[in-house]
Amino acid sequence: MEPMRRTLLGILAALTLLAATACTVTQKDPDYVPPAPLPALEQLRQAPLADAEKFAAGQDILSFATADRNVVCSLTSARGEHVNLPYEPNGYSDSANNKLATVPVAHCELAAYPKPEATDITDDCSGTGLGYLGGAALLTPDTATYGECRSGVTQQEAEFGPKGTRNGPISQLQVLDEGQNLERNGLRCSAYDGGVACGNVSAGVGFFVSRDRYELISDTGKTASPAPSEAPKTP
């Protein structure tokens, strides 16, 4: 009887331990404060690189969208003001532009975006001072700008803006997962903190864009003030 009693006591102890373990409830620490996101250039420096082949969108072009489809970006090339984008008509391949120097660039468009700050407007739009809109950012090896002169909407707004079709060439692009990096010709882009950062880490220049704010980063360490959230601008 004694061995059987010991066996029953052992089984009861095991069942008691199992029940106690099964009833354990993990509670969130109300005092926990998640760490602040890294500065944009530090994010670009530290984040792991994704497999570039998955994002090939043409000859020597990498393109991606964010998971919420609010931002689309390409690591590509430009000749003068003509950026080689696989999802939007451009004059990059026009023979008249062959004489222009080809430079690596990162270009992003947003479906919802803030207005440019007055200090960041870099073009008088053919002397009119009208039509300089947000929703596009451009990085070259030594400069970063936000906004551009245009009439109408970008392809990103046409697909994912308030009246967007939700289908088209951008809808077919691969999503870059949060926290991952892509690199081409010394320029990097990373999806993080609800938007996208692109930069030339070695030169200390870059930008961050999201639906609520943008930031321009220069080698002097100066940044643009966060702009208020605005609805997409449709002329």
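## Disulfides

Cys73 and Cys108 form a disulfide (a pair of cysteine sulfur atoms within 2.5 Å), with 2.0 Å between the sulfur atoms. The link connects distant parts of the chain, Cys73 in strand 2 (residues 71–79) and Cys108 in strand 4, 35 residues apart; strands are DSSP runs (E, at least two residues), numbered from the N terminus. The S-S torsion of Cys73 and Cys108 is about 110°, so this disulfide is right-handed. Both Cys73 and Cys108 are buried, where buried means under 20% relative accessible area, exposed over 50% and partly exposed in between (1.4 Å probe, protein chains only).

Cys125 is joined to Cys149 by a disulfide with an S to S distance of 1.9 Å. Cys125 lies in the loop between strand 4 and strand 5 and Cys149 in strand 6, so the pair ties together parts 24 residues apart in sequence. Cys125 is buried at 7% relative accessibility, while Cys149 is partly exposed at 31%.

## Model basis

This is a predicted model: local features need pLDDT of at least 70, side-chain atom pairs count only at pLDDT 80 or more, and totals for chains, interfaces and linings use all residues. Residues are numbered from 1 along each chain as its sequence is written, and side-chain values use heavy atoms, with hydrogens and water left out.

Technical notes:
Helices (H or I, at least four residues) and strands (E, at least two) are DSSP runs, numbered from the N terminus.
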